[in-house]
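This report is for a reader meeting the structure for the first time. Please look over the sequence and the model below before reading on.

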Amino acid sequence: MFSRPSLLFRTFAIAEAVSWTLLIAALVLRATADLALLVTIAGGIHGFVFLCYVATSILVAKNNRWRWTSTAVAIVAAIVPYATIPVEIVLHRRGRLAGDWRLRATDDPRDHRWHDRLMRVLLRHPRAFAGIAAASIVVVFSVLLVIGPPGGRA
């Protein structure tokens with residue numbers, strides 16, 4: 001399904017922007033039509049998509065060997081409404097999203113680190129990897145729901 005890192009990253013960059021739209025619309029409706037439940041629903045969707053985008057950013061950064069600055073910019077972009085779209089465009093133009101999934105080790109010494117080996121094993125089994133990633137994100141999301149919303153409960 002996501003044959004290239006660029007396609008996965010673009011999909012979640014757009015999804016993050018869409019989730020911002022849902023959240024902002026819900027906030028407007030709460031203020032104008034007293035529909036507070038919509039903020040809870042849109043906030044949950046946005047939070048889940050945010051976690052998926054962050055996980056995707058880390059995976060693509062690892063696969064494409066981004067510097068820490070590019071990785072940090074990609075992750076921080078999710079905090080600013082709609083910033084994931086221009087960040088994706090800039091990363092694409094700078095070639096940071098070019099290339100395929102690294103499924104085989106090369107002579108590069110970085111390919112022999114344990115986390116690079118683990119990433120390659122998981123990438124060679126995309127369905128299992130997607131399941132593990134989804135389950136992990138659900139666990140993190142659930143823990144965050146138990147902890148409570150940012151800024152505390154109103």
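## Terms and overall layout

A residue is called buried when its relative accessible area is under 20%, exposed when that area is over 50%, and partly exposed in between. Phe-48, with a relative accessible area of 28%, is therefore partly exposed. The model described here is predicted.

The protein chain has 6 helices and 0 strands. Read along the sequence, the pattern is α-α-α-α-α-α. The C-alpha trace spans about 60 × 35 × 25 Å along its principal axes. Of the 154 residues in the protein chain, 34% count as buried. The accessible surface of the protein chain comes to about 9,600 Å², and 70% of that surface belongs to carbon and sulfur atoms. Among the contacts with a separation of 6 or more, 62% are between residues 24 or more positions apart.

## Helix α4 and its buried face

Helix α4 covers residues 84–93, and Thr-84 is found in it. Which residues of α4 are buried? They are Thr-84, Val-87, Glu-88 and Leu-91. Seen down the axis of α4, these buried residues fall within an arc of 100°, so they line one face of the helix. An α-helix has 3.6 residues a turn, so residues three or four places apart point the same way. The cover over the buried residues of α4 includes α1 (5–33), α2 (36–64) and α3 (68–77). Just after α4, Gly-95 takes a positive phi of about 80°.

Is Thr-84 buried or exposed? Thr-84 has a relative accessibility of 1%, and the cut-off for buried is under 20%, so Thr-84 counts as buried. The side chain of Thr-84 reaches the backbone oxygen of Ala-13 at 2.7 Å. Leaving aside residues up to four places away in sequence, Thr-84 touches Ala-13, Glu-16, Ala-17, Tyr-53, Ala-77 and Ala-78.

In soluble globular proteins, nonpolar side chains tend to be buried together. The largest nonpolar core here has 20 residues, of which Phe-9, Tyr-53, Trp-66, Ala-74 and Leu-91 touch the most other members. Helices α1, α2, α3, α4 and α5 (114–123) each supply at least two residues of this core. Which helix gives the largest share of this core? The largest share, 4 residues, comes from α2.

Leu-91 is one of the buried residues of α4. Not counting residues up to four places away in sequence, Leu-91 touches Phe-9, Trp-66, Ser-70, Ala-74, Arg-96 and Leu-97. A second, separate core has 5 residues, including Trp-20, Leu-23, Val-39 and Ala-42.

## Aromatic pairs

How many aromatic pairs does the structure hold? There are 3 aromatic pairs. One of them is formed by Phe-9 and Tyr-53, a tilted pair with 5.6 Å centre to centre and 50° between the planes. Phe-9 lies in helix α1 and Tyr-53 in helix α2, so this pair ties together parts that are 44 residues apart in sequence. Phe-9 and Tyr-53 are both buried.

Phe-48 and Phe-141 form another aromatic pair, which is edge-to-face, with 5.5 Å centre to centre and 90° between the planes. Phe-48 lies in helix α2 and Phe-141 in helix α6 (residues 126–147), so the pair ties together parts that are 93 residues apart in sequence. Phe-48 is partly exposed, at a relative accessible area of 28%. Phe-141, at 18% relative accessibility, counts as buried. Ring pairs also link Phe-9, Tyr-53 and Trp-66 into a cluster.

## Thr-71 in helix α3

Thr-71 has its place in helix α3. Why does Thr-71 count as buried? The relative accessibility of Thr-71 is 17%, and residues under 20% are buried, so Thr-71 belongs with the buried residues.

Apart from residues up to four places away in sequence, Thr-71 touches Ala-61 and Trp-66. Thr-71 and Val-60 are 11 residues apart in sequence, and their C-alpha atoms are 8.9 Å apart in space.

Conventions
Residues numbered from 1 in each chain as written. Heavy atoms only, no water. Buried < 20%, exposed > 50% of the residue type's maximum accessible area, 1.4 Å probe, protein only. Polar contact = N/O pair within 3.5 Å; in protein donor to acceptor, adjacent residues only side chain to side chain. Contact = heavy atoms within 4.5 Å. Arc of directions from axis to C-beta. Core = buried A, V, L, I, M, F, W, Y, C linked by side-chain atoms within 4.5 Å. Areas by Shrake-Rupley, 256 points an atom, 1.4 Å probe, with all protein chains shown as cover. Phe/Tyr/Trp six-rings, centres within 6.5 Å; stacked < 30°, edge-to-face > 60°.
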